[in-house]
Amino acid sequence: MLNRRPRRQMNQMNVVPYIDVMLVLLVIFMVTAPMFTPGVIDVPSVSQAASIDVRPLEVTVDATGKIELIDGEQKTRVDSLDDLASQLQALAGNEQRPVAISADANLKYAEVVKIADRLHQAGIKRVALTVKQTPKQ
């Protein structure tokens, strides 16, 4: 009489049939997708949107901490952060006009953050920092 060992049960799941089914479904989808025509959506139109002055006001800070406010071609020297905030509030008007801060690379970052924080306290919400891009080498 032969002494047979009992077969061990496999504790693994065979996923090959599932992969086959998924590949067949993928092929079916890829073949049928170009056949569908997208629906036409009737989008409402407007006559003309109101134009908004999007030229940003620019605040420049040099390496010594001197602040200048630039509005187009007009440059104004500013003595303190409070003066800067009040002048920007007067120029920005409805707070929709963005303000860009350009600082010297050698200026401490904390000084730039103080300016941005003071502008935020004054109610100017659209504040950005400008950078100079260097060419890739």
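UniProt positions are given in the numbering used here, feature names are shortened, and annotations may be inferred rather than shown by experiment. The model is predicted, so local features need pLDDT of at least 70 and side-chain atom pairs pLDDT 80 or more, while totals for chains, interfaces and linings use all residues. Residues are numbered from 1 along each chain as its sequence is written, and side-chain values use heavy atoms, without hydrogens and water.

**View 1. The annotated segment, residues 21-41.** An unreviewed UniProt entry places a "transmembrane region" here.

**View 2. Helix H3, residues 109-121.** Its 13 residues reach 18 Å from first to last C-alpha, close to the 18 Å expected at 1.5 Å a residue (1.5 Å times one less than the number of residues). Val112, Ile115 and Leu119 are buried (under 20% relative accessible area; exposed is over 50%, partly exposed in between; 1.4 Å probe, protein chains only). Seen down the axis, the buried residues fall within an arc of 60°, so they line one face of H3 (the arc is that of the directions from the helix axis to the C-beta atoms). The face turned away from the buried side carries exposed Tyr109 and Gln121. Glycine 123, with a positive phi near 100°, follows H3.

**View 3. Contacts of leucine 119.** Leaving out residues up to four places away in sequence, Leu119 touches Leu84, Ala85, Leu88, Val99, Ile101, Ile124 and Val127 (contact means heavy atoms within 4.5 Å).

Notes: Helix = DSSP H or I, 4+ residues; strand = E, 2+ residues; numbered from the N terminus.
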